[in-house]
Amino acid sequence: MLTDLAEWKALENKREAMDEWTLRSAFAENPHRVSEFSLKACGINFDFSKHLIDDEVRQLLLELARTRRVAEGIQAMFRGERINVTENRSVLHTALRKPKSDVLEIDGIDVVQDVHAVLANMKTFAEKIRSGDFVGSTGKPITRIVNIGIGGSDLGPVMAFEALRAFSQRNLSFAFVSNVDASDMAEALVNSDPETTLFIVASKTFTTAETMTNASTAKQWLAKALGDQFRSDRHFAALSTNATLVAEFGISSENVFGFWDWVGGRFSMDSAIGLSTMIAIGPSGFDDLLAGFHDMDEYFVHEPAETNVVYLMALLSIWYRNFFGCQSHAVLPYDNYLKRFPAYLQQMLMESNGKSVMLDGLPVEVETSPVYWGEPGTNGQHSFHQLLHQGTSVVPVDFLVGISPVHDLGSHHDLLLSNVLAQASVLAFGKNADEVAADGTREDLVPHKVMPGNRPSTLIMYPQLSPRVLGQLVALYEHITLVQGLIWGIGSFDQWGVELGKTVANAITPTLSSGDTSALDPSTAAAVELIRSHRSSQK
């Protein structure tokens with residue numbers, strides 16, 4: 001058992017011994033703490049000095065990783081072994097960004113060459129859109145792209161588009177539709193011209209209920225607006241492996257881009273799922289994005305565990321989740337272009353490691369994934385930072401910021417940088433009652449202004465946000481996901497927890513109009529009856 005390991009018990013003992021340990025004292029006693037707990041990866045700086053650790057904790061965590069055979073698990077994934085055991089699949093999102101000169105054979109097939117064949121087709125298609133050579137049914141160039149997907153087929157593309165908006169071709173507009181709520185599609189269509197709109201339908205099976213409902217609505221909208229001139233092949237592209245259903249929908253094979261069962265949805269933004277990203281930033285920009293992913297892959301595999309930022313970030317999450325009882329983890333980008341990055345990480349980390357069963361089918365022994373959340377700074381400072389500083393829950397934080405701005409508008413970036421540095425400092429060191437009183441604060445207000453400090457954070461500073469840096473950051477958290485799962489002994493690459501709800505929803509849908517509700521649970525049956533009654537009253 002995990003909790004029976006000598007390394008685990010040593011960490012438990014160390015945690016108990018640190019009840020009175022503070023970051024203030026740690027910095028006071030060690031003038032070299034910042035340099036000793038700072039690392040660099042792919043040109044990105046990581047300051048771990050404000051974490052509740054000393055060198056002994058770091059070594060114990062690394063020993064835990066060795067005992068859990070993390071290095072072997074990493075190599076198994078990169079070799080293409082079927083580490084997704086419940087679905088008997090390889091996990092090879094890292095193959096999506098390998099150089100064309102590399103070779104990786106799975107079942108006798110060089111998957112790297114397959115990847116680059118799809119990339120070549122994507123590049124041809126993207127250039128046609130960007131140049132205006134690809135035209136709609138009436139001969140007008142496509143100027144609006146609407147990506148229809150859900151989960152990894154939406155979160156990755158929309159995050160990447162927002163993150164790299166500054167690098168996008170501005171005569172093209174983009175929208176992203178995921179929710180089956182009609183409002184999502186309706187709003188996307190408001191500013192769309194049927195003659196110049198292309199819909200990208202992203203569904204591996206081409207059967208995803210939400211995606212296909214939205215795609216059908218888009219097709220009806222086009223057909224109504226364009227009448228006899230409407231041609232599906234001029235307004236639709238598909239990201240799918242189901243050639244039969246795609247053809248039945250009316251999409252030309254030239255507009256179909258496939259991927260493989262060894263690409264999980266939440267790890268797929270650098271596959272064909274990234275077609276909208278490629279159209280926005282161009283094939284060369286997409287190549288830079290892939291290069292960033294590969295940078296971090298190579299670093300992760302070759303950097304020793306002792307100085308590997310992926311190991312340390314993953315192990316720190318174990319330290320806080322399992323030894324401090326921290327239930328959530330905040331990711332706070334001080335970069336407005338990364339405003340969708342926390343939402344993207346929510347799926348990656350929580351769908352992967354929000355598990356209660358280990359790979360051997362037995363219940364987990366410890367708490368697994370914390371809740372990941374966040375918003376961009378400085379906005380968050382005026383909402384939830386109150387809880388971070390003075391709340392009863394300790395929330396570890398990742399701060400992300402570019403040293404140089406994408407847009408240099410006078411003092412803006414200095415103000416942004418000073419704020420992120422201040423937040424990390426105050427979380428770590430706080431302000432005690434004596435210091436508050438020394439400011440001349442009224443005695444009755446002193447306890448209200450005390451900041452306890454000792455709240456951990458990682459300061460992640462990259463040179464400047466770019467396609468390459470975005471790839472590095474995404475790959476960083478992808479690999480953190482793997483290391484966490486290896487420590488906990490869970491399967492990070494399936495998602496059975498999302499399947500039952502889909503099945504039950506399919507059973508409920510026909511009952512909303514008519515039929516027997518006796519098979520439903522009483523609460524659901526009552527809700528169905530309320531919906532029917534309301535609809536009847538509106539007729």
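Trainee: How many cavities of 30 Å³ or more does a search of the whole structure find?

Mentor: The search finds three cavities of 30 Å³ or more in the whole structure. A cavity here is a set of points, on a 1 Å grid over the protein atoms alone, where a 1.4 Å probe fits but cannot get out. The model is a predicted one, in which local features need pLDDT of at least 70 and side-chain atom pairs count only at pLDDT 80 or more, while totals for chains, interfaces and linings use all residues. Residues are numbered from 1 along each chain as its sequence is written, and side-chain values use heavy atoms, with hydrogens and water left out.

Let us turn to the largest cavity. Its volume, the space filled by probe spheres set on grid points joined across faces, edges and corners, is about 100 Å³. Thirteen residues line this cavity (each has an atom within 4 Å of a point), and those nearest its centre are Met 313, Ser 317, His 329, Asp 398 and Ile 480. Two or more lining residues come from each of helix H12 (309-323) and helix H18 (467-488); helices are DSSP runs of H or I with at least four residues, numbered from the N terminus. H12 gives the largest share of the lining, four residues.

By class, seven lining residues are nonpolar, five are polar and one is charged. Nonpolar covers Ala, Val, Leu, Ile, Met, Phe, Trp, Tyr, Cys and Pro; charged covers Asp, Glu, Lys and Arg; the others, Gly among them, are polar.

Methods:
1 Å grid on protein atoms, 1.4 Å probe; cavity = no way out; pocket = protein on both sides within 12 Å on 5 of 7 lines; lining within 4 Å.
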